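Thanks for passing this one along.

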Amino acid sequence: MRNPLSERIVGVPFSGIRKFFDIAAEMDDVISLGVGEPDFDTPWHIRDEGIYSLEKGKTAYTSNAGLKELKAEIGKYLERRFQVSYDYDTEMMITVGGSEAIDIAMRAMLDPGDEVLVPQPSYVSYMPCAVLANGKPVAINLKEENEFRLTAQELEDAITPKTKLLVLPFPNNPTGAVMEREDLEAIAEVVEKYDLFVLSDEIYAELTYLEGKSHVTIASLPGMRERTVLINGFSKAYAMTGWRLGYACAPKVILEQMLKIHQYAIMCAPTTSQYAAVEAVRNGDADVAGMREEYNGRRRYLMHRFGEMGLKCFEPFGAFYAFPCIQEFGMTSEEFATRMLQEEKVVVVPGTAFGDCGEGFLRISYAYSLDSLKEALDRLESFIQKLRC
């Protein structure tokens, strides 16, 4: 019998995150600090709008690119919050989460052998999506001493004649690192110098905690809008993970090809979710601000506890993750996470799930209540005290 499977697909590994959740599912009294999902419910006024759309019988397909009403509101939001504007008719589309947008952007832009630069540690989907799009992913290993920011020199050192696309995953999952305007300006110079394109995943754009500063999109910098696919969504900022709704903004020439793939593979994003999202982006600023302030309080608590237990961790200013260093204990990240789960019943994610350069680190999510964080960190402190004895 012939092999029914694609060698390319077989060669793509499963996510390194899921292993620990599968083990934890068989255990009692487990506290998870592993999931990158808000612990808040979707705000009621957003849910109400989705419910109302169902009651009114709005259950048909929308256009492939999404509801015009939603795209128009997203356009206003992006201009209001991040000072970048798009034509919602020709430069914007609604996707099934940000993940679909990442996938179809790469498939629309890459030919076999095109190199995609992926700063790591980073979200687990970028490398596999590049492979699925027949591209060649190339990791750029970010450094703790640079607070896991991408530097212009690191970018330039990784470029070859085959380089076409740079993934810019900031604010970052798993490190919580952010890129400020001056960081992005230096990156933009290199991008223009070598005629590259940028896939900017900004799903955590609303979750930044630098005093007096807000997120900057590279698409807002001179010369970068025409080189950038901006990806965002509703999962993190609005606590709408299960609604599965994202969006992509890009120059018309790129977006048309992304839409073609979306037409054949998806048809359109969920209609109910789109109506709810209109309400979210139109009237959800206060909800976002409230959740951001809550996350920031948890972030400060986490850093305080790390300091008390002597656990080294650079201060993250984005998303809802911390990336503490556990190199002092002489274990791999997976060994540490496995023992932590078995002995203390706390789920953390080994840094290697996000790239080889994550060895010696853990991802800890603070998208949990303070009570859960306190108990989990008490257990973590007890565990590392035993290791130091």
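1. Cys 268 is buried in this predicted model, because its relative accessible area is 11%, below the 20% cut-off. Cys 268 also takes part in no disulfide. Its nearest cysteine sulfur belongs to Cys 249 and lies 18 Å away, whereas a disulfide requires two sulfurs within 2.5 Å.

2. Is Cys 325 buried or exposed? With a relative accessibility of 6%, Cys 325 counts as buried. Cys 325 is likewise in no disulfide; the sulfur of Cys 313 is the nearest cysteine sulfur, at 9.0 Å. For the structure as a whole, the disulfide count is zero.

3. Now to the helices. How do the axes of H11 and H13 cross? Helix H11 spans residues 285-309 and helix H13 spans residues 370-388. Their axes come within 11 Å and cross at roughly 20°. Since angles under 35 degrees count as roughly parallel, H11 is therefore roughly parallel to H13. The crossing of the two is right-handed.

4. Which residues make this contact? On the H11 side they are Arg 298, Tyr 301, Leu 302, Arg 305, Phe 306 and Met 309. H13 contributes residues including Leu 370, Leu 373, Leu 377, Asp 378, Glu 381 and Ile 384. By class, the contact of H11 with H13 has nine nonpolar residues, six charged and no polar ones. Among the charged residues in your view, look for Arg 298 and Arg 305 on H11, and Lys 374 and Arg 388 on H13.

Technical notes: Residues are numbered from 1 along each chain as its sequence is written. This is a predicted model: local features need pLDDT of at least 70, side-chain atom pairs count only at pLDDT 80 or more; totals for chains, interfaces and linings use all residues. Side-chain values use heavy atoms; hydrogens and water are left out. Buried means under 20% relative accessible area, exposed over 50%, partly exposed in between (1.4 Å probe, protein chains only). Axes are lines fitted to C-alpha atoms, for helices over the stretch in contact, and angles run from 0 to 180 degrees between N-to-C directions. Helices (H or I, at least four residues) and strands (E, at least two) are DSSP runs, numbered from the N terminus. Angles under 35 degrees count as roughly parallel, over 145 as roughly antiparallel, 65 to 115 as roughly perpendicular and the rest as oblique. A crossing is left-handed if the near helix is turned anticlockwise from the far one by less than a right angle, and right-handed if clockwise. Contact means heavy atoms within 4.5 Å.
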